[in-house]
Amino acid sequence: MHFLPDNIDEYAVKHSQEEPKLLQELTRETWQKVLAPVMLSGHYQGRVLSMISKLVNPLNILEIGTYTGYSALCLAEGMQQEGTLHTIDINEELHDFQRKYFDKSDFSKQIIQHTGNALDIIPKLEKKFDIVFLDADKGNYPKYIETVLPKMNKGGVLLSDNVLWYGKVAQPTKEKDLDTIALKEYNTIIHEHPQLESVLLPIRDGLTISRKI
Ligand SMILES: C[S@@+](CC[C@H](N)C(=O)[O-])C[C@H]1O[C@@H](n2cnc3c(N)ncnc32)[C@H](O)[C@@H]1O
């Protein structure tokens, strides 16, 4: 999902960094073999994630929602040499696909996969993170906030994907649309949270950058 007119969108992509070859390959194979390929971040958002990570230069990164590993590889580009990226997905069938591409990258030994429900796994992680990328089950977004905040370093960056949810968050809510209800609640929580300062970027399906203060 993106909100810009096509010609502006194409211009922005054309004037942004090229997509690395490995990520092009991963995208092709995802579209050939995996259900719901629209879920991967893709070229433009991937370059945004990579740029943010390079600017932050994190020691530890936490990703919630690995899917086929696209965004993990983008975020890893900015990680420190001794850093780690922990990425969690509930779908065990994606594990080998992810590993294949992590092993083809320069970050093979630094990327640690976790399989299971992120809400159960995060409290058990013993690291503190400089970047957290939230891109999993939208209905649980409000629950993730108090789960990830204690795991973030002061000054750490929380990136929340799909916060505009096809624009539905800015429309009257339909009673049974639980994902939209949860995303509206999440957007209010991070906007008003005393430990966060946030800016919602209307790129792709909406990406909020929040800084822990
Ligand atoms: C939108 S996709 C992630 C896309 C990926 N970040 C990218 O940009 O390439 C969402 C993923 O979250 C996973 N997921 C959903 N609920 C989850 C949960 N409770 N815990 C961990 N992963 C979950 C799904 O299996 C799916 O692979």
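This is a predicted model: local features need pLDDT of at least 70, side-chain atom pairs count only at pLDDT 80 or more; totals for chains, interfaces and linings use all residues.
A polar contact is taken here as a pair of N or O atoms within 3.5 Å. A polar side-chain atom of Ser 71 lies 2.7 Å from a nitrogen atom of the ligand, and a polar backbone atom of Ile 90 is found 3.1 Å from a ligand nitrogen. Of the 610 Å² of accessible area that the ligand has on its own, the protein covers 91%. The ligand is surrounded by 22 residues. Ser 71 and Asp 89 are among the closest of these, together with Ser 41, Gly 65 and Asp 135.

Asp 89 is also in contact with Gln 98, a residue of helix H5. Gln 98 has a relative accessible area of 4% and is therefore classed as buried, the cut-off being under 20%. A polar atom of the Gln 98 side chain lies 2.8 Å from the backbone oxygen of Tyr 67. Neighbours within four places in sequence aside, the contacts of Gln 98 also include Thr 66, Thr 68, Gly 69 and Gln 113.

In soluble globular proteins, nonpolar side chains tend to be buried together. In this model, the largest nonpolar core comprises 31 residues. Leu 26, Leu 73, Leu 75, Leu 85, Ile 111 and Leu 159 have the most contacts inside this core. At least two core residues come from each of helices H2 (21–33), H3 (42–56), H4 (70–76) and H5 (95–104), and likewise from each of strands S4 (129–134) and S5 (152–161). The greatest contribution is that of H4, with 6 residues.

The surroundings of Leu 85 were examined individually. With residues up to four places away in sequence not counted, Leu 85 touches Ala 72, Leu 75, Ala 76 and Met 79, among others. Its contacts also include Ile 61, Gln 110, Ile 111 and Ile 112.

Just after H3, Asn 57 adopts a positive phi of about 50°.

How values were computed:
Residues are numbered from 1 along each chain as its sequence is written. Side-chain values use heavy atoms; hydrogens and water are left out. A nonpolar core is a set of buried Ala, Val, Leu, Ile, Met, Phe, Trp, Tyr and Cys residues joined through side-chain atoms within 4.5 Å. Buried means under 20% relative accessible area, exposed over 50%, partly exposed in between (1.4 Å probe, protein chains only). Helices (H or I, at least four residues) and strands (E, at least two) are DSSP runs, numbered from the N terminus. Contact means heavy atoms within 4.5 Å. A residue is near a molecule or strand if one of its heavy atoms lies within 4 Å of it. A polar contact is a pair of N or O atoms within 3.5 Å; within protein, one must be able to donate a hydrogen and the other to accept it, and residues adjacent in sequence count only if both atoms are side-chain atoms. Accessible areas come from the Shrake-Rupley method with a 1.4 Å probe; for residues, only the protein chains shown count as cover.
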